[in-house]
Amino acid sequence: MDLLSHHLYSSPRVYLRELLQNAVDAISARRLLDPNAPAAITVRAADTLTVTDTGVGLTEEDVHTFLATIGRSSKRGADGGIDGAGLASARGDFIGQFGIGLLACFVVADEITVVTRSARTKDAPVIEWRGHSDGRYTIRTLPSGARPEPGTTVTLAPRADAREWTRHDQVVGLARDFGSLLRYDVTVQDAHGGALRINETPPWAAQHASPLARREAYAQFCRSTFDFVPLDTIELELPVAGLRGVAYVLPDAAPPSRRTGHRVHLKGMLLSDQADELLPEWAFFVRCVVDTDALRPTASREGLYADETLAAVRDALGARIREWLTGLSATDPALLHRFIAVHHLAVKSLARYDDELLRMLLPWLPFETTDGNVTLDEFARTHPVILVTRTVEEFRQVAPVAGAAGLGVINGGYAYDRDLVHRLPEIRPGSSVADLDPGTVTAHLDSVDPAAELAASAFLAIAREVVGRFDCDVALRSFHPTNAPALLLDNREARHERSRAQLAQEADGLWADILGSLRAEAPRAQLVLNHLNPLVRRAATITHRELVVTAVEALYGQAVLLTRRPLRASESALLNRSFISLLDHAMLGHEQRGHESGQHGPETENES
């Protein structure tokens with residue numbers, strides 16, 4: 001009793017769900033005997049909490065069998081059929097199946113009273129069962145006037161530490177949450193006799209005067225359920241699984257890593273509001289509300305049982321959402337534009353594995369390129385050979401220079417972009433895609449006149465010595481734009497190798513040996529100085545060694561900053577040192593010019 005009532009369920013709030021479930025199943029069982037039997041559930045929240053139904057009720061033998069034995073359910077017999085009704089095929093009409101639902105009430109109460117009268121015999125007696133959380137129970141027969149009509153009333157006297165769960169406002173909230181889609185009337189009464197109906201007809205089961213009215217009803221249902229206005233609505237219907245519902249397209253972008261919680265109702269009763277296993281992972285841009293007859297719950301009835309039926313439903317719902325997505329390009333291009341503007345990441349995630357969807361939506365998908373934010377199809381028409389970077393940092397390093405050189409480079413550092421770009425030749429025959437490496441960019445830079453490079457050889461020698469401390473080479477080239485004094489070409493493998501080497505130097509013992517064994521031959525980074533830039537040309541003529549060192553450090557530091565990658569401690573120190581040194585040189589030069597002007601007098605100053 002203790003294990004099942006206190007440890008099976010995640011929260012005390014489920015006690016009301018189990019009471020509503022038992023009431024619904026009792027009414028379903030009575031309607032198998034009499035299709036015209038009344039169908040009403042009344043919850044009354046006062047000093048005690050009572051749930052009354054007009055269901056089939058229990059005989060004294062049923063009470064002994066089903067209320068006093070854990071795991072025995074009045075909805076199934078030894079052969080899986082329905083006791084008393086003899087209709088095994090009607091098992092699907094019931095929500096409960098484990099025979100432990102009433103135990104959830106011991107989470108909030110130490111005593112449960114059940115007063116019931118069976119509808120199976122005309123003169124059935126009224127039976128009272130009183131159970132305690134320690135396993136004791138008593139059964140007695142009451143006068144027939146205690147309950148004139150068939151049905152059951154369950155009464156809970158809440159413990160002092162659980163009274164918050166049986167307050168009227170709390171009961172109303174729980175009843176609405178769990179029972180808003182139940183197919184029988186559910187009413188909550190207060191201590192003064194006021195009554196409030198809880199459940200409503202879902203929009204997919206209601207009649208609507210026009211398509212516009214239907215759309216507005218769906219939008220209103222979304223606002224009341226999820227508190228947002230959807231970008232669009234996708235109706236869901238799987239007759240084989242007895243599933244109907246709606247998927248709402250989120251109006252704001254959602255990260256793929258965030259699993260969206262869907263509301264799943266089983267025969268109208270809320271099973272879970274966090275059923276992220278209902279849809280494929282790529283469909284993170286929708287939230288669903290569904291009602292199903294076929295999916296199996298877990299024993300705690302707080303999740304879906306992972307079986308072949310759930311997998312088939314997940315695939316079918318995924319196909320329905322994909323069908324909606326592909327249909328937008330033909331039926332509503334404006335909505336498709338709005339959707340992709342918000343959820344292009346989701347579309348790219350799906351298009352990686354779906355050739356048909358990729359062909360259909362390729363013209364609409366945006367990518368960051370050296371030509372700006374354009375579609376992949378538009379970019380491929382301009383650049384037969386497409387280069388793609390592995391990271392955002394690599395793209396930012398080369399984008400200005402590659403664009404000026406006419407190279408077509410796409411930023412492949414964002415999720416899914418690199419995979420999609422590499423699949424382009426499958427979709428567009430004749431296109432060529434390759435990963436970008438520093439050598440490709442360097443090969444498209446113009447060489448410098450040998451005489452100019454020879455004149456700058458002393459400067460370049462010092463520059464190689466300075467940046468060599470960062471595992472970097474120096475090259476002198478001519479490239480556009482001319483306002484870019486330097487370009488740092490690097491790749492992820494080279495950075496990883498430098499990090500490994502640095503850690504190996506700082507480590508000792510076994511860890512140093514392990515890092516040493518991981519050594520790999522990786523290309524060094526390259527600082528490319530732009531000979532077309534006036535600043536670089538002037539720097540190449542400096543003969544003062546300390547000033548050359550400061551100038552190279554400043555050029556390297558600026559090139560590192562342009563990559564927008566995190567700075568290492570040594571690089572931060574270099575930036576600070578070069579800035580202070582340049583400031584010192586500037587002030588020293590200003591003081592010297594002022595001193596010389598004072599010595600020459602006003603006439604010489606005017607001449608200069």
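Let me begin with the salt bridges, of which this structure holds 26, where a salt bridge is taken to be a side-chain nitrogen of Lys or Arg within 4 Å of a carboxyl oxygen of Asp or Glu. Before I go through some of them, please keep in mind that this is a predicted model, in which local features need pLDDT of at least 70 and side-chain atom pairs count only at pLDDT 80 or more, while totals for chains, interfaces and linings use all residues. Residues are numbered from 1 along each chain as its sequence is written, and side-chain values use heavy atoms, with hydrogens and water left out.

One of the salt bridges joins Asp177 to Arg13, with 2.8 Å between the closest N and O atoms. This pair links distant parts of the chain, since Asp177 is in helix H4 (residues 168-179) and Arg13 is in the loop between helix H1 (2-7) and helix H2 (14-33), 164 residues apart; helices here are DSSP runs of H or I with at least four residues, strands are runs of E with at least two, and both are numbered from the N terminus. On accessibility, buried means under 20% relative accessible area, exposed means over 50%, and partly exposed is in between, using a 1.4 Å probe and protein chains only. By that scheme Asp177 counts as buried at 16%, whereas Arg13 counts as partly exposed at 26%.

A second salt bridge is formed by Arg215 and Asp232, whose closest N and O atoms are 3.1 Å apart. Because Arg215 lies in helix H5 and Asp232 in strand E9, the pair ties together parts that are 17 residues apart in sequence. Here Arg215 is partly exposed, at 47% relative accessibility, and Asp232 is buried, at 8%.

Arg167 and Asp169 also meet through their side chains in a salt bridge, at 3.2 Å from N to O. In this pair Arg167 is partly exposed with a relative accessible area of 41%, and Asp169 is partly exposed as well, at 48%.

Let me turn to the rings. The structure holds 9 aromatic pairs, and a pair is counted if the ring centres of Phe, Tyr or Trp (its six-membered ring) lie within 6.5 Å, with planes under 30 degrees apart called stacked, over 60 edge-to-face and the rest tilted. How are the rings of Trp204 and Phe221 arranged? Their centres are 5.8 Å apart and their planes stand at 85°, so the pair is edge-to-face. Trp204 lies in the loop between strand E8 (195-197) and helix H5 (211-226), and Phe221 is in helix H5, so this pair ties together parts that are 17 residues apart in sequence. Both Trp204 and Phe221 are buried. Elsewhere, one aromatic cluster is formed by Trp282, Phe284, Phe285, Trp324 and Phe339.

Next, some backbone details. The peptide bond from His480 to Pro481 is cis, with omega near 0°, and Pro481 is found in the loop between strand E20 (472-478) and strand E21 (486-489). Asp227, a residue other than glycine, has a positive phi near 65°; Asp227 lies in the loop between H5 and strand E9 (232-238) and is exposed, with a relative accessible area of 69%. Tyr416 is not a glycine either, yet has a positive phi of about 75°. The loop that holds Tyr416 runs between strand E17 (409-410) and helix H11 (417-422), and at 17% relative accessibility Tyr416 counts as buried.

I will finish with His262, which lies in the loop between strand E10 (243-249) and strand E11 (263-266). Is His262 buried or exposed? At 2% relative accessibility, His262 counts as buried. Leaving aside neighbours within four places in sequence, His262 is in contact (heavy atoms within 4.5 Å) with residues including Ser272, Asp273, Leu278, Val286 and Cys288. The side chain of His262 also reaches the backbone nitrogen of Cys288, at 3.0 Å.

How values were computed
Polar contact = N/O pair within 3.5 Å; in protein donor to acceptor, adjacent residues only side chain to side chain.
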